[in-house]
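Let's take a friendly walk through a protein model together. Have a look at the structure below, and then we will pick out some of its residues.

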Amino acid sequence: GNVAEVGVYRGGTALQISNNLKCDTKIYLFDTFEGMPYYNNQIDKYWHLGSFDDTSFDEVSELFRDDERVSIYKGIFPKKTGKFIKNKTFKFVHLDVDNYLSYKESLKFFYNKLLIGVPFYISEIYQLLNDIKDVVDTKNVKIINKFGTGYSDSSFDIESNISADGKFIFVPEDTVLELRYPNKDIVGVVL
């Protein structure tokens, strides 16, 4: 499987991924390099059309000039640039697109391209939860393993499979994790 990042900005996270990936795995990077391509004032709370436009394709390309594993694509993903990886599979995908439509389109694109049993990246879960209607602020996230009626019959020990920094859940082969939504699996209190 390959690695992809959608929403590269200035390349900082992609550089960390590249530096920590000690194999010949291909890394595909996607960004408009012109700022946010979409904005819906009913859904997108933090960033607006054109936010993050203080970057450039050339600036990011320079970071990876000596890394043959990295391919960088400019344009709206997946609308314009998804065609370059349409037949690839992925062991890790980092989405950092900061708006609803871009997340939706990216998730739809990668849905059948992700290998089962790969790390699940949760660094933006606080922002995603804050975007849910009626959620004012997310202070703490606890991931709970549910199984039994309405869920899988198998249990998965999340605590022993989470990275030291709490950003990754290491998922065994043949395992799929699902995030569920308010009034079902996400609960909280109003302060």
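E5 is buried, with a relative accessible area of 1%; buried means under 20%, exposed over 50%, and partly exposed in between (1.4 Å probe, protein chains only). This is a predicted model, in which local features need pLDDT of at least 70, side-chain atom pairs count only at pLDDT 80 or more, and totals for chains, interfaces and linings use all residues. Residues are numbered from 1 along each chain as its sequence is written, and side-chain values use heavy atoms, leaving out hydrogens and water.

You can find E5 in strand β1. Strands (E, at least two residues) and helices (H or I, at least four) are DSSP runs, numbered from the N terminus. Leaving aside residues up to four places away in sequence, E5 touches T13, A14, Y28, L29, F30 and H94, where contact means heavy atoms within 4.5 Å.

Now turn to helix α1. Which of its residues are buried? They are A14, I17 and S18. These residues cover an arc of only 95 degrees around the axis, so they lie on the same side of α1; the arc is that of the directions from the helix axis to the C-beta atoms. On the other side of α1, Q16 and N20 are exposed. The cover over the buried residues includes these strands:

| Strand | Residues |
|---|---|
| β1 | 2-6 |
| β2 | 27-31 |
| β3 | 70-74 |
| β4 | 90-95 |

Finally, visit Y100, which sits in helix α3 (residues 100-110). Y100 counts as partly exposed because its relative accessibility is 43%.
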